[in-house]
Amino acid sequence: MKKPYVICHMMSTVDGRIISANWGDQQLIDTYSGFFEKYHDTFESEAWMCGRVTMERDFSGGVKPELITPEQPISRITFIGDKNATSFAIAIDAHGKLGWDSNTTGGDHIVEVLTEKVSDEYLYYLQRKSISYIFAGEKELDFELALNQLGELFPIKTLMAEGGGHLNGSLLNAGLIDELSLLLLPIADGTLKSLTTFEVSEFLQKSPATLMQLQKAEQLEDDVIWLKYRFNKKDDK
């Protein structure tokens, strides 16, 4: 069992909303995005992880995968696209929908986390792009299995989970987050049904609420508060 240490790094309004498109002023959004990247870089980590929607919106550029039927069926086993990679962008893509220009984003090697229901055509696409992939479940994603594989197959000791809310919620519900780094922005949003930092799917059996311990509270520029919490684990005394 080599699960990486998982730090959930997010920014949200005072009412927990994380969809920056609702905040209006683009210059303001860019300023806060700069905060997010700046404080991301204060952590020593080998990988960062996002859900499919976040990856598609912010990193893949909306590229559509070029699907070609392979000559032979493809076995559902791990594929390593770059054995020399030392930093990683982990894409949660259960059904195989993301397209990419190359096998890196922001200089980090892409690793797709898939279910076994993904098509041979998509696996062949990833192989042709030299994009790594692992399988973490037959029909539904098992995040504990995914994290253990990432720690065993790649040199990943610390992983930054950076949204969206459903990814964070799944990790939270499974008790897989070790630390929360939250940039609390001086914005009251109030948008109805807007995603929050942690969204647990109605299809999951909800675990009890998680108690955290405050490790740091720091006021930054522009009235932003940086909060760091350690998660209480079931085996903590």
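**Group meeting: a walk through the predicted model**

For a protein of 237 residues, a compact globule would have a radius of gyration near 18 Å, and this protein has 18 Å, which agrees; the radius is taken over C-alpha atoms, and the globule rule is 2.2 Å times the number of residues to the power 0.38. What we have here is a predicted model, in which local features need pLDDT of at least 70 and side-chain atom pairs count only at pLDDT 80 or more, while totals for chains, interfaces and linings use all residues. Residues are numbered from 1 along each chain as its sequence is written, and side-chain values use heavy atoms, with hydrogens and water left out.

Let me start with the overall picture. The C-alpha trace spans about 55 × 45 × 35 Å along its principal axes, and the protein has 5 helices and 10 strands, where helices (H or I, at least four residues) and strands (E, at least two) are DSSP runs numbered from the N terminus. Of the 237 residues, 46% count as buried; buried means under 20% relative accessible area, exposed means over 50%, and partly exposed lies in between, with a 1.4 Å probe and protein chains only. The protein exposes about 12,600 Å², of which carbon and sulfur atoms supply 49%, the areas coming from the Shrake-Rupley method with a 1.4 Å probe and, for residues, with only the protein chains shown counting as cover. If we take contacts (heavy atoms within 4.5 Å) with a separation of 6 or more, residues 24 or more positions apart account for 71% of them.

Now to the charges. There are 23 positive and 36 negative side chains, and the centres of the two sets lie 5 Å apart; here Lys and Arg count as positive, Asp and Glu as negative, and His and the chain ends are not counted, with each charge placed at NZ of Lys, CZ of Arg, CG of Asp or CD of Glu. Side chains of opposite charge can pair when their charged atoms come close. How many salt bridges does that give? The count comes to 7 salt bridges, a salt bridge being a side-chain nitrogen of Lys or Arg within 4 Å of a carboxyl oxygen of Asp or Glu.

I will go through some of them. Asp15 and Arg17 meet in a salt bridge at 3.5 Å, N to O, and in this pair Asp15 is partly exposed, with a relative accessible area of 27%, whereas Arg17 counts as buried at 17%. Glu56 and Arg52 also meet in a salt bridge, at 3.2 Å, N to O, and because these two residues are 4 residues apart in helix H2 (residues 52-58), they are separated by about one helical turn. Glu56 counts as partly exposed at 26% relative accessibility, and Arg52 is partly exposed with 27%. Asp120 forms a salt bridge with Arg76, the closest N and O atoms being 2.4 Å apart, and this pair links distant parts of the chain, since Asp120 sits in helix H3 (residues 120-129) and Arg76 in the loop between H2 and strand E3 (88-92), 44 residues apart. Arg76 is partly exposed, at 26%.

Thr105, in strand E4 (residues 104-105), is buried at 10% relative accessibility, and, not counting residues up to four places away in sequence, Thr105 touches Trp48, Phe59, Ala89, Trp100 and Ile110. Thr158, in strand E7 (residues 158-161), is buried with 14%, and its contacts, with that exclusion again, include Pro4, Tyr5, Ile7 and Glu44.

Finally, the backbone. Most residues other than glycine have a negative phi, and most peptide bonds are trans. In this model the peptide bond from Gly163 to Gly164 is cis, with omega near 0°, and Gly164 lies in the loop between E7 and helix H5 (165-173). Ser130, in the loop between H3 and strand E6 (132-135), has a positive phi of about 60° although it is not a glycine, and Ser130 counts as partly exposed at 29%. Asp223 has a positive phi of about 65°; the residue is placed in the loop between strand E9 (212-219) and strand E10 (225-231), and Asp223 counts as exposed at 52%.
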